[in-house]
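Work through the exercises below with the sequence and the 3D structure in view. Try each task before reading its solution.

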Amino acid sequence: MKTHKGLMLLATLAAAAGITLTALRPAHAADTSTNRTKITFWSGLTGPYQKNLNTIVNDYNQSQTKYQVVATSQGDYTQMNQKVMAAAKSHSLPVLGMTTYTNLPDYQHHGFIDNLNPMYKGMSSKAKKDIYPAFLSGSKIGNTYYSTPFSKSTRIMYVNKDILKKYHLSIPKTWDQLKQDGAKLKKDGIYAYGFDKSFDMEWEGMAHAAGVTPVSSTGKVQVANKKSIAAANLVLDMVKDGTAKSAGSDNYWTKNFVNGKSAFYIGSSAGLTQTKLQAPKTLNWTTAPVPSYEGKSGTEVAGNDLVLFKGANTKQKRGAYDFMKYLLKAKTATKWAKLTGYVPLSKSATNSADYQSFLKQHPENKAAVNSLPKAFAQPAFAGFGEYYNDKGDAFNSMLTKNTSAKDALTKLAKQAKQITSAN
């Protein structure tokens, strides 16, 4: 499963639904059959991921007797957000929910969620420092916590070792090297760099490495400055000269990569599961960190967090805090990472004997965790959903309509300024 940022514009839907965001009350306040406080929990996971989540939830329920967490899948994230809007209108939000961290400002702006400062204040300084900074920073709006990290991924580079051996190539450490490799592969119809439908996350990574934040949490817009345009042009030049290729309507490059269409593929570490399923047993492949740009790392994180919806009573809040802290424990985080392929949430989980043993058996998972110390979270802001859609249009225009990076990003910068000023 691949998780993407900001799948809808909450403000528009809220207005359309005519929601009054007051006195929100979750359904099923208590489990009368066991005298435990019931904690309703909506997820945006399906299939094996929801099954694995149920395993973690059952572990928690068996670990104590005060609370009963009941997790139900609401479909994918788009479907779940639609159900959140409907539940807000009918005053029947659950206690806990799953969402991408980039939705936090919109959720907070419209009064959907409670801040989690009481929970974080109850954690030791050591416990908070143990969580990777990129994950923790994504849980905050200003100095206030509104979520806890849960299912997290990083950008990694998938590597076809057979192609490397045949063409006497090494794993590229820089984007310039990746581009140079393309010239050697091009004559045989092999791309150096394959990417998903868009390369916006790689663009954000390169911008970050160059010291640029396209849109900051305070509304400063640098989408169309010289460094941002140069980063986009690096990829567009590769696409134009036939050394890089978008997955287009396939959305993900995974199928092309396992079929030998490219030497390298930069995508989400959450795609490891699908790559393992789709790759022929004869394919010799591995992973590596995303190449550096201008001498610095630019690995972006993505994934989902847990939020506490407004309306929970005191017992439900205590149960929600207890469950979220349980998920952050090294033992739990390690088990979740092993079950799903997501990365551990904390340094202690990564360094545990259990997870290190897992990495020895699955070395393809090393690149993702090795990237964590220098990884970053893209700042979120109110209206991010609208910006995300506009950004998608901008990059699609570059790739399918031959719009120049300068023109596409200049338009996106204007849109971003309008969004941030309106919020």
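**Exercise 1. The domains**

Into which domains is the chain of this predicted model divided?

Solution. Begin with domain 1, which takes residues 37-152 + 303-369. Domain 2 then takes 154-301 + 378-422. The contact uses 16 residues from domain 1 and 20 residues from domain 2.

**Exercise 2. The area between the domains**

State how much area is buried between domain 1 and domain 2, and which residues of domain 1 lose the most.

Solution. The size of an interface is often given as the accessible area lost when the parts come together. Here that area is about 1500 Å². Carbon and sulfur atoms give 59% of it. On the side of domain 1, the residues that lose the most area are Tyr 101, Glu 364 and Ala 367. Together these three make up 33% of what that side buries.

**Exercise 3. Polar links and the side of domain 1**

Find the salt bridge across the interface, then describe the side of domain 1 that touches domain 2.

Solution. The rule finds one salt bridge between the two domains. Lys 276 and Glu 364 form a salt bridge, with their closest N and O atoms 2.9 Å apart; this is inside the 4 Å cut-off. Between the domains, six residue pairs are in polar contact. Now turn to the helices: helix 4 (104-109), helix 7 (133-137) and helix 18 (366-370) each supply at least two residues of the touching side of domain 1. Sorted by class, that side has nine nonpolar, five polar and two charged residues.

**Exercise 4. The whole chain**

Compare the radius of gyration of the chain with that of a compact globule.

Solution. For 423 residues, a compact globule would have a radius of gyration near 22 Å. The chain has 22 Å, which agrees. Its C-alpha atoms fill a box of roughly 70 × 50 × 35 Å along the principal axes. The chain contains 20 helices and 11 strands.

How values were computed: Residues are numbered from 1 along each chain as its sequence is written. This is a predicted model: local features need pLDDT of at least 70, side-chain atom pairs count only at pLDDT 80 or more; totals for chains, interfaces and linings use all residues. Side-chain values use heavy atoms; hydrogens and water are left out. Domain bounds come from an automatic or database domain assignment. Contact means heavy atoms within 4.5 Å. Buried area is the accessible area (1.4 Å probe) that two parts lose on being put together, summed over both. A salt bridge is a side-chain nitrogen of Lys or Arg within 4 Å of a carboxyl oxygen of Asp or Glu. A polar contact is a pair of N or O atoms within 3.5 Å; within protein, one must be able to donate a hydrogen and the other to accept it, and residues adjacent in sequence count only if both atoms are side-chain atoms. Helices (H or I, at least four residues) and strands (E, at least two) are DSSP runs, numbered from the N terminus. Ala, Val, Leu, Ile, Met, Phe, Trp, Tyr, Cys and Pro count as nonpolar, Asp, Glu, Lys and Arg as charged, and the others, Gly among them, as polar. The radius of gyration is taken over C-alpha atoms; the globule rule is 2.2 Å times the number of residues to the power 0.38.
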